[in-house]
Amino acid sequence: MMQWSFQNYIMLKSSRKKLIAIGCSFTEHNLRSDSSPDIDHDFPRWPQHLADKLDMECVNLGQCGSGNKQILSKIINTVLTEKNIGIVVVMWSQFQRLDFEYSSTEWMQINLDLDIDHLDDTHEFKLTKSLRDYKQKNFKELHNPHSAIQDALRTFILAENLLKDIPHLYIQGPDAVSFYRTKKLLTDDNYRESKKKRVYTGTFFYPTSIIKLFFLSSYFDYVEKNLSEKFIGWPIMQELGGYSVTNILDKLDPERTQLRISKEDKHPNAEGHKIIAQEIYNAYEKVYI
Amino acid sequence: MSRKKLIAIGCSFTRDILSFSHVSRGVFENSSRGVFKPGYDFPVWPTLLADKLDMDCLNLGRGGMGNDYISAKLVDTVLSEKKEDIGLVVLMWSGWQRIDYQDIDGVWEKMVRRGDAWNNNLKYNNAHNATTKSLRYFLMSQMLLKDIPYLMIQGVDVQYKLAAEQGIAYAQYNLGLMYENGDGVSQDYKTAVKWYRLSAEQGNASAQTSLGVMYANGKGVLQDYKTALKWWRLSAEQGDARAQMKLGWMYADGQGVLQDYKTAVKWWRLSAEQGYVTAELKWPQIFLNSKIFDEIDEKKFIGWPIMREIGGYNVIDMLDKLDPERTQLRISKEDHHPNAEGHKIIAQEIYNAYEKVYI
C-alpha cells in the first residue's frame, strides 16, 4: 500500500482540475472596501466556495474595476496558457466600462458610471449634452448605451467561441447598465449627493429604451439560441425575465442589510458570496452532471 | 450554381468607392482627402480579387474605421452568412490606435482625432493597449474563421502617428524619413531636412521633432540647439511624446535653454503619460512578447509579422517599395490612398497568397 505523504498530497492537489473564475470586484479575492475599511475582509469569495464544492483548485482572476474587454482578454490568456481546466466561470461586468491594457501588468478603466458627474435628463440618449468637457463628451459618445450593449453581446459571442470546447458558465455580476438605473431613481441633486457617499439603495428598473436596445440587438437572438443554456440568469434583465447577481441578492435582501458589505458598499459579503456560489453550483449540476 | 462570395472587410484602403457602401446618412465621409474627386472611378482590390477568383464581391470596407469595426463586422458576417456560401474572407486590418463605436442609431463612428479626447485616447490606448488589443482581434478572428477560407493583411501602418491619413504633411515627413535613413533612396540628410521642414511648417508634429533632431545633431544643417529647441517645443505642445522627452532633456542638460529640472520633469511626465517609454522601438517588442504572437497562423497573414523592424510588411510598405516617391501607385501627392494601379497590385498580392494557401 502506498504510504501517504506530503508529496502525495501535493501531487493530488496539483492533479485536481482547475476552476477558473474571471470577473470584476464581485469576483476578486482580495477586494478591500473603500467605504467600509474596518470590516473583516478575510472571507472566502464565491470562486473558492464553488471550487470547494466541485473539489477543484481555485484560480481567481477577478479584478476590481474590470470591464468586459479585460474579462475577454483573460479568457484568451486562460485558453492559451491553462491546462487541466475543470470549468471556467465568467461573471460579466457593467457594459459601459472601458478597459485599456496600459502596460503588461496594469489595466486602466474608465467607468462612466462613476467618472461622469452630470447627465442631461431631457436627452437620455443624446449624452453629448451638458457634459463637463470635451474628453467626457467623447468617451461618453464612445460608450453610449447602443454601442455598449452591442459590444457586450459581441464579447459574449467571442467568449463562447473561445470556450466552446471547455466546460464553462456565465453570469452577469453587477447591473449591466447601472448608470441608467441610478439616474432613473434619483433627481439630479440627490443623485450627485448619493454618488458622493456611494449610497446604493432600492431596486432599480431599466428604462424601456435600454431594454429595447438590448432585446432588439442584432446579436440577442444568437446569444439566446447558443449561449443561454450556460448563461445563468439569461436574459440578464429582470424586465425580460432574467437576472444578475445584484438581482439575486436584492431578491433575498431587498434592504441590502444582510448580504452586502455595508449600506455604503454594495459588494457581496461573506453570506452573499455563499449564495452566489450556490447559484452557480446549481447551474453546474444542471448543465454538466 | 450560384457563385461563392468574397467578403472583404477593412478601412479606406478597402472600401468600394463605386458602390457607395461607405456613405453614412446620405453624406459622404470626408476623412480621406481627395477620395471623391472626379475620376476616382476604378475598381478596388476586393472587386479585382473577386473577378480573379470568380466570386461575388461583398465589400464591407469603411473609411476611417479601425479594428473594432473590422472585428465587429466579421462577427456579423459569420452570424449572418451561410458558411457554404463564403468563398473567401479577407481582413485588411487598420491602424491599431483607432477606436470605433456605434452611435445611438447604430451607425459606426470613429473617435474624434483632435483635442483632449484624442490625447486621452493616445494616453490610454498606448502602444501596449493597441498592440495587445489588435493581436486579440487577430486571434479571435482566426478562431471565428476556423472552418472558412480566409486571409489577413495589415493595411495602414499600425501606429496612429504613422497612419497614412495625414495627407501631404505626412507624405513629406515620410520622405524625410526615407532620405534620413536611406530607406529605398540614397541617404541624404540635406534632402531629409528639406522634406522635414516642409512638413513641419504645416504643423506635422513628427516632422517638427525630426527636424529638431537634425538641428541638434547637425545633420544636413549646422548644429543649432536653439532651433532644435524651437521645433521640439512646437511639437511637444502638440502632444508629441518624443519631442516632450527630448525637450525634457534639453532642460535637464541646459542645452539651448537655462537648466531647469522642474521643467524637465514636467515634460518627461507628459511624455511618460503617453507611454513614450513604450513607444516606437517598443512596439515590435510588445508585439513579439505577447502570448498571442505565436498563435497567429502566419501562412494566412500576408506580410506577417507586419512590422518592418522585424521583417514584416503592410500594404503601405508594399506600395512604397515599388513607388517610394508615391507618384505612381497613390491617388495623388495629397492623398496617399492606392490608385487604380495600386489596387491591382494589392489584389495580386492577396491572390498570390490565396493560391499558395488554398490551391
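Let me begin with a detail: which residue in β7(A) does Y170(A) stand opposite? The residue is F231(A), and I will come back to the strands around that pair in a moment.

First, the ground rules. This is a predicted model, in which local features need a pLDDT of at least 70 and side-chain atom pairs count only at pLDDT 80 or more, whereas totals for chains, interfaces and linings use all residues. Residues are numbered from 1 along each chain as its sequence is written, while chains are lettered from A and ligands numbered from 1 in the order in which they are written.

On confidence, the model scores ipTM 0.82 and pTM 0.74. The per-residue figure is pLDDT, the predictor's confidence in each residue on a scale from 0 to 100. Chain A averages a pLDDT of 80, with 74% of the residues scoring at least 70. Within chain A, residues 114-135 have a pLDDT below 50, and this stretch has 36 contacts in the model beyond near neighbours in sequence; here two residues are in contact if their C-beta atoms, placed from the backbone, lie within 7 Å. Residues 180-192 of chain A also stay under 50, and for them the model has 20 contacts beyond four places in sequence. For chain B the average pLDDT is 82, and 83% of the residues score at least 70. Its residues 19-39 stay under 50, with 34 contacts beyond four places in sequence, and residues 161-166 of chain B are below 50 too, with 13 contacts beyond near neighbours. Where pLDDT is low, the predicted coordinates should not be read in detail.

Now chain A, which has twelve helices and seven strands, where helices (H or I, at least four residues) and strands (E, at least two) are DSSP runs numbered from the N terminus. Of its 289 residues, 44% are buried; a residue is buried if 20 or more other C-beta atoms lie within 10 Å of its own, exposed if 12 or fewer, and partly exposed in between, again with C-beta atoms placed from the backbone. Among the contacts in chain A between residues at least 6 apart in sequence, 73% join residues at least 24 apart.

Five strands of chain A form an open sheet in the order β2-β1-β3-β6-β7, with parallel pairing, and two strands pair if DSSP finds at least two bridges between them. At the edges stand β2 (57-60) and β7 (231-232) of chain A, each with a single partner strand, so one side of each is left without a neighbour in the sheet.

Turning to chain B, we find 13 helices and seven strands, and 52% of its 359 residues count as buried. Its open sheet of five strands has the order β2-β1-β3-β6-β7, with parallel pairing, and the edge strands are β2 (56-59) and β7 of chain B, each of which pairs on one side only. At one end, strand β1 (residues 5-9) of chain B pairs with β2(B) in the parallel sense over four bridges, and K5(B) stands opposite D56(B).

How many of the residues of β6(B) are buried? Five of its five are, with Y150(B), M152(B) and Q154(B) on one side and L151(B) and I153(B) on the other. β6(B) pairs with β3(B) in the parallel sense over five bridges, M92(B) standing opposite I153(B), and it pairs with strand β7 (residues 301-302) of chain B, also in the parallel sense, over two bridges, where M152(B) has F301(B) as its bridge partner.

Helix α12 (residues 315-322) of chain B has the buried residues V315(B), I316(B), M318(B), L319(B) and D320(B), and these pack against β3 (86-93), β6 (150-154) and α13 (340-358) of chain B.

Thank you; I am happy to go back to any of these points.
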